[in-house]
Amino acid sequence: MTRTWTMDHHDGRLEVRTGVEGRAAKMGHRLTIAVNTWHATVAWSDGEPSEVTLAVDVDSLEVLSGEGGVTPLTGPEKTLARSNALKVLNAKRFPRIEFETSEIEKTGGGYRLTGTLQINGKTRDQVVDVAVQEADDMWRMSCETTVRHSDFGLKPYSMLMGSMKVADAVTVAFTATK
């Protein structure tokens with residue numbers, strides 16, 4: 001029997017967490033950024049997931065918080081950080097980020113998804129390990145994966161002539177219940 005799940009921000013949370021690099025890194029904030037508009041589809045075949053797609057609206061990014069830095073992250077600084085992120089991601093030209101796979105392997109605690117990730121018009125292979133807990137006819141899914149700006153031709157935001165910049169590697173975290 002074939003069935004399909006659809007999920008969006010009502011079912012879970014998709015976040016990006018950044019780091020800071022450079023000689024002046026202590027001055028910068030490690031950001032937590034929410035993706036407020038995303039849509040995932042999971043196709044099922046014979047009781048197992050067989051295809052997964054995820055589409056992200058880049059313009060839906062919202063800076064939630066910033067850890068570290070010399071001073072707390074203010075509202076205007078969150079707005080500026082969002083604007084900088086949209087520029088780095090070339091959001092006007094490439095308004096969506098997409099992941100898709102039909103290569104899904106069952107693991108001890110969930111599934112390994114081996115697929116393609118498209119950012120900034122560039123497509124790269126990406127492996128995502130999704131942890132799954134079943135309870136009360138519901139699935140609780142979670143994963144974290146690393147994505148590098150440089151793999152997609154992106155230059156991380158920097159200031160002070162590069163002595164403070166967003167780290168090349170960011171963490172993408174996903175949790176959902178279905």
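Helices here are DSSP runs of H or I with at least four residues, strands are runs of E with at least two, and both are numbered from the N terminus. Keep that in mind as you click around, and remember that this is a predicted model.

**Stop 1: helix H1**

Select residues 75–88 and you have helix H1, 14 residues in all. From its first C-alpha to its last it reaches 20 Å, close to the 20 Å expected at 1.5 Å a residue. Now show the side chains of Ala81, Asn84, Ala85, Leu86 and Val88, which are buried. What do the buried residues of H1 pack against? Bring up strand S4 (29–35) and strand S7 (61–68), and you have the partners. Before moving on, step just past the end of H1 to Asn90, where phi is positive, at about 55°.

**Stop 2: the aromatic cluster**

Next, select Trp5, Trp44, Tyr111 and Trp139, which form one aromatic cluster. The structure's count of aromatic pairs comes to five. Zoom in on one of them, Trp44 with Trp139: the arrangement is edge-to-face, with ring centres 5.1 Å apart and 75° between the planes. Trp44 sits in strand S5 (residues 38–45) and Trp139 in strand S11, so this pair ties together parts that are 95 residues apart in sequence.

The arginine lies over the face of the Trp44 ring, 4.5 Å from the ring centre.

**Stop 3: Thr4 in strand S1**

Now pick Thr4, which you will find in strand S1 (residues 2–8). Ignoring neighbours within four places in sequence, its contacts are Thr41, Val42 and Ala43.

**Stop 4: Thr101 in strand S8**

Ser50 turns up again here. Select Thr101, in strand S8. With a relative accessibility of 7%, Thr101 counts as buried, because the cut-off is under 20%. Where does its side chain reach? Show the surroundings, leaving out residues up to four places away in sequence, and Thr101 touches Ser50, Glu51, Val52, Leu113, Thr114 and Gly115.

**Stop 5: the salt bridges**

How many salt bridges does the structure hold? Colour the charged side chains and look for nine.

Start with Glu48 and Lys106, whose closest N and O atoms are 3.5 Å apart. This pair links distant parts of the chain: Glu48 is in strand S6 (residues 48–57), Lys106 is in strand S8 (residues 96–107), and they are 58 residues apart. Glu48 is partly exposed at 28% relative accessible area, whereas Lys106 is exposed at 56%.

Then go to Asp129 and Arg112, where the closest N and O atoms come to 2.7 Å. Asp129 belongs to strand S10 (residues 122–135) and Arg112 to strand S9 (residues 110–119), so the bridge ties together parts that are 17 residues apart in sequence. Asp129 is partly exposed, at 37% relative accessible area, and Arg112 also counts as partly exposed, at 33%.

Next up are Arg148 and Asp168, whose side chains meet in a salt bridge of 3.9 Å, N to O. Arg148 is in strand S11 (residues 138–148), while Asp168 is in the loop between strand S13 (164–166) and strand S14 (169–177), so the pair ties together parts that are 20 residues apart in sequence.

How values were computed. Residues are numbered from 1 along each chain as its sequence is written. This is a predicted model: local features need pLDDT of at least 70, side-chain atom pairs count only at pLDDT 80 or more; totals for chains, interfaces and linings use all residues. Side-chain values use heavy atoms; hydrogens and water are left out. A salt bridge is a side-chain nitrogen of Lys or Arg within 4 Å of a carboxyl oxygen of Asp or Glu. Buried means under 20% relative accessible area, exposed over 50%, partly exposed in between (1.4 Å probe, protein chains only). Rings of Phe, Tyr and Trp (its six-membered ring) pair if their centres lie within 6.5 Å; planes under 30 degrees apart count as stacked, over 60 as edge-to-face and the rest as tilted. A charge sits over a ring if NZ of Lys or CZ of Arg is within 6 Å of the ring centre and within 35 degrees of the ring normal. Contact means heavy atoms within 4.5 Å. The expected span of a helix is 1.5 Å times one less than its number of residues.
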